[in-house]
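Here's a walk through one protein model, taken a region at a time.

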Amino acid sequence: MELQHLWDCIRAHDAYLRSPFFPVLFSLTVYLGFCFPFVLLDLLSPKVALLRKYRIQQKSQVSWSMMWSCLAQSLYNHVVYIFPLTVLHWYWRPVSYPTQAPGLFRLLWDILACLLLFDFQYFVWHLLHHKVPWLYKTFHKVHHKYTSTFALTAEYSGAWETLSLGFFAAVNPLLLGCHPMTEMLFFVLNIWLSVEDHSGYDFPWSTHRLVPFGLYGGAPHHDLHHLKFRSNYAPYFTHWDILFGTLHSD
């Protein structure tokens, strides 16, 4: 009943949901909303030892110019690339929202399935873009400008990387036949995990500490990838890096 009530509240804003502006505004608002607390931490941590001790690379500092550079790149990608594509998608495939909400078990199962599929796709894409020099230099190198991660580096990338990874995230719920509510929640979770991965902080409540048996890499896993480039290619879970021998902890 709770999911149905939530879905009814979402559907009450049908005019906004069907707007061609909704996907890009939704994506950008969620992304910046998740980045904002970490931006505050980045500004405060050089002055507050209690916060600084949770920085993975404690000697690194995040400047205003670094933040503005990442923010400008993200806004540019959303306006120039993502928005026109979402308008075309809106025109060719009108949105349809069912009246019934998904069941809780189905919702959770589908979100996990989308996440695992995206994790695999990203791993393959990422591994190729590191192992093939032309792909790295042409498309992925820009994302590695900063060897010490901070939240706004999550979407600091060129057009090809932004669109290809965005395509994976967008197409997976369609491939798996997910409910629109599941699709929205998957997008929110995927953006949060990406921001947390790039945050540069390792807190006691971080996701990798909540998932048992080392199944999830989290921020330390991805920060090390940005520092050394040659390991930890999966964005979230660790099983693909374990299988391919690319999982490193130092």
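Let's start with Phe 213, which is exposed, with a relative accessible area of 78%. Here buried means under 20% relative accessible area, exposed means over 50%, and partly exposed is in between (1.4 Å probe, protein chains only). Before going further: this is a predicted model, so local features need pLDDT of at least 70 and side-chain atom pairs count only at pLDDT 80 or more, while totals for chains, interfaces and linings use all residues. Residues are numbered from 1 along each chain as its sequence is written, and side-chain values use heavy atoms, with hydrogens and water left out.

Phe 213 sits in the loop between α10 and α11; helices are DSSP runs of H or I with at least four residues, numbered from the N terminus. Its backbone is worth a look too: phi of Phe 213 is near 65°, a positive value in a residue other than glycine. Most residues other than glycine have a negative phi.

Now step into helix α11 (residues 218-228). Of its 11 residues, 8 are buried, so the helix is largely enclosed by the rest of the structure. The buried ones include Gly 218, Ala 219 and Leu 224, along with His 221, His 222, His 225 and His 226. What do the buried residues of α11 pack against? Their partners are α6 (104-131), α7 (133-140), α9 (180-198), α10 (207-210) and α12 (239-244), with contact meaning heavy atoms within 4.5 Å.

Phe 229 has a positive phi of about 75° although it is not a glycine, and it is partly exposed, with a relative accessible area of 26%.

α3 and helix α5 (residues 64-92) pack at about 170°, their axes 11 Å apart; axes are lines fitted to C-alpha atoms over the stretch in contact, and angles run from 0 to 180 degrees between N-to-C directions. That makes α3 roughly antiparallel to α5, a label for angles over 145 degrees. Residues in the contact include Tyr 31 and Leu 32 of α3 and Leu 71 and His 78 of α5.

Leu 40 also lies in α3, and it is partly exposed, with a relative accessible area of 38%.

Terms used. Helices (H or I, at least four residues) and strands (E, at least two) are DSSP runs, numbered from the N terminus. Angles under 35 degrees count as roughly parallel, over 145 as roughly antiparallel, 65 to 115 as roughly perpendicular and the rest as oblique.
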